[in-house]
Amino acid sequence: MYGAIGTTIIQGALLVAAIVVGGQVTGFWLESALAVISVALVISVWRRNQFYEWLQHPSDRPMTRVPGLWFDMTKRVQLREQAIVRERMQVQELLANLHQSLGSLDAGLISLTRAWKIRWWNDTASELLGLRHQFDEDASLFNLVRTPELARFVEKGQFDDPIVLASPFRSGRTLEYAVCPVTDSGYLLVVRDVTRFSRLERMRRDFVSNVSHELKTPLTVIKGYLETILDNQLVSDRGVRAVEQAFKQADRMASLIQDLLLLSQLETTKPQNQLLPVRFSDLIDHAHQDGEEFAKALGKPKTQIMIDNQSTLSFPGVWHELASAVTNLTNNAIRYSPDGATIHLGTRESDTKVQLYVSDNGPGILPEHLPRLTERFYRVDNSHSPATGGTGLGLAIVKHILLRHEASLDIQSTPGKGSTFTCEFPRHPFIVGD
Ligand code: ADP
């Protein structure tokens, strides 16, 4: 009420007054002063003890109703206590709302520690993975979700893309797992049931593969007849050009079908079990030879292909797949660069990966196209597609081949300066030198 200083002054004045009155009445000044100070001290200690006890149960009863410093302090503590209780209730309400909202999500959420121990999860996660609240808290994720592929995915520590796996809990269901690192505290695992999407995806793949198969035979027959007509000069001069055009288009269609079948095979089958060591230098030599012939056939004889390779390493892989990927990148560099361009094929090694790059000083690619280049049929400039002779599937095939080898494709490009396509292989324990 009067503040700490005011109260102290009043109490001091009362003390002095009591001593003066005592001294005046008794005539013993020293004794009166000692007696008054002792009483004041006893009262102060008694009040302090009372306050201490009250602090242990502050909201039960008021400590004192007598205005003064103790009353003031009690009031302040009470007000602070009430504010804390109010805030706690608000936080609890917010948490309850959050839990309810997270529970109604159609994605399973699991909060994990840095050691992959389960901290908390929502109802959808219980449904999808069979987690039980009373038993599974603090258990290791991999003891409950016994899927070796998930353990390997986590071990790799690359969480940019989710992983899609068969449900360990319900047969016939497919789950997608995405891991989001949460600063220093651990991870959030987001699990979604993608059975419907993966069924549709499989239908799409089967459809493309079946249509390609069905088209392959009639097209081979058409090409055969056109070839016979041309070889045996069965049409007049005026018809030759039309038949030549028809043959060219049929040939293009055959390449398309071949690429579509290759892509669907890459998507639907697992790489062979028996992977053999593939030397990076052999891949580069093969692409070099193939590229020189391709450049001549394309009418770009001045194209130079330079080799910057020192590597003697090998990678466990499927030779014909990896060779076709590197050749594809080299041929693209030749195809999209003008005659006289310089193309570099080489390797770079670090502790964690080996990179095989194909770089050119061609026209380059605008940044907005880069993320979409590996999509099927994505072309930077559609108007050039018949002239360049590509199918629009080349980079999609390269990406899938690399994925099957646990490798990835990185694309860097500067418009007007050129592009670099880099195949990044993990520094596998199986990569060996000569
Ligand atoms: P395509 O059969 O059309 O070559 P790709 O999938 O191989 O299909 O390539 C996709 C597109 O990427 C190409 O159409 C082209 O526009 C662009 N591209 C690929 N490689 C290069 C390169 N080295 N320089 C410039 N553009 C390129």
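In the predicted model described here, R348 stands opposite Q355 in strand β10. Residues are numbered from 1 along each chain as its sequence is written. Because the model is predicted, local features need pLDDT of at least 70 and side-chain atom pairs count only at pLDDT 80 or more, while totals for chains, interfaces and linings use all residues; side-chain values use heavy atoms, with hydrogens and water left out.

The pair formed by R348 and Q355 belongs to the antiparallel pairing of β9 with β10 (residues 353-360), which extends over seven bridges. Strands and helices are DSSP runs numbered from the N terminus, with at least two residues (E) for a strand and at least four (H or I) for a helix, and two strands pair if DSSP finds at least two bridges between them. Three residues separate β9 and β10, and the two strands form a hairpin. Strand β9 (residues 342-349) also pairs with strand β7 (residues 304-308), here in the parallel sense and over five bridges. In this pairing Q304 stands opposite T342 of β9.

A further group of five strands forms an open sheet with antiparallel pairing, in the order β2-β1-β5-β4-β3. From one strand to the next the twist averages 25°. The partner strand β4 (residues 174-182) is joined to β3 by four bridges in the antiparallel sense, and L165 stands opposite L175 in β4. Helix α7 (residues 148-156) lies across β3 and β4 and runs at about 165° to β3. Axes are lines fitted to C-alpha atoms, for helices over the stretch in contact, and angles run from 0 to 180 degrees between N-to-C directions.

Helix α9 (residues 237-268) and helix α13 (residues 394-404) have axes that come within 10 Å and cross at roughly 25°. The two helices are therefore roughly parallel to each other, a term for angles under 35 degrees. The residues making the contact (heavy atoms within 4.5 Å) are D259, L262, L263, Q265, L266 and E267 of α9, and A396, I397, H400, I401 and R404 of α13. By class, six residues of this contact are nonpolar, two polar and three charged. Ala, Val, Leu, Ile, Met, Phe, Trp, Tyr, Cys and Pro count as nonpolar, Asp, Glu, Lys and Arg as charged, and the others, Gly among them, as polar.

E267 is placed in helix α9. Apart from neighbours within four places in sequence, E267 is in contact with R204, R205, R376 and H400. K296 is 29 residues from E267 in sequence, and the C-alpha atoms of the two are 33 Å apart in space.

Two further helical residues were examined for accessibility. Q289, in helix α10 (residues 280-297), has a relative accessibility of 55% and so counts as exposed. Buried means under 20% relative accessible area, exposed over 50%, and partly exposed in between (1.4 Å probe, protein chains only). The C-alpha atoms of Q289 and I305 are separated by 9.3 Å, with the two residues 16 apart along the chain. S126, which lies in helix α4 (residues 123-129), is buried, with a relative accessible area of 17%. With neighbours within four places in sequence left aside, S126 is in contact with W121, L131 and H133.

Terms used: Angles under 35 degrees count as roughly parallel, over 145 as roughly antiparallel, 65 to 115 as roughly perpendicular and the rest as oblique.
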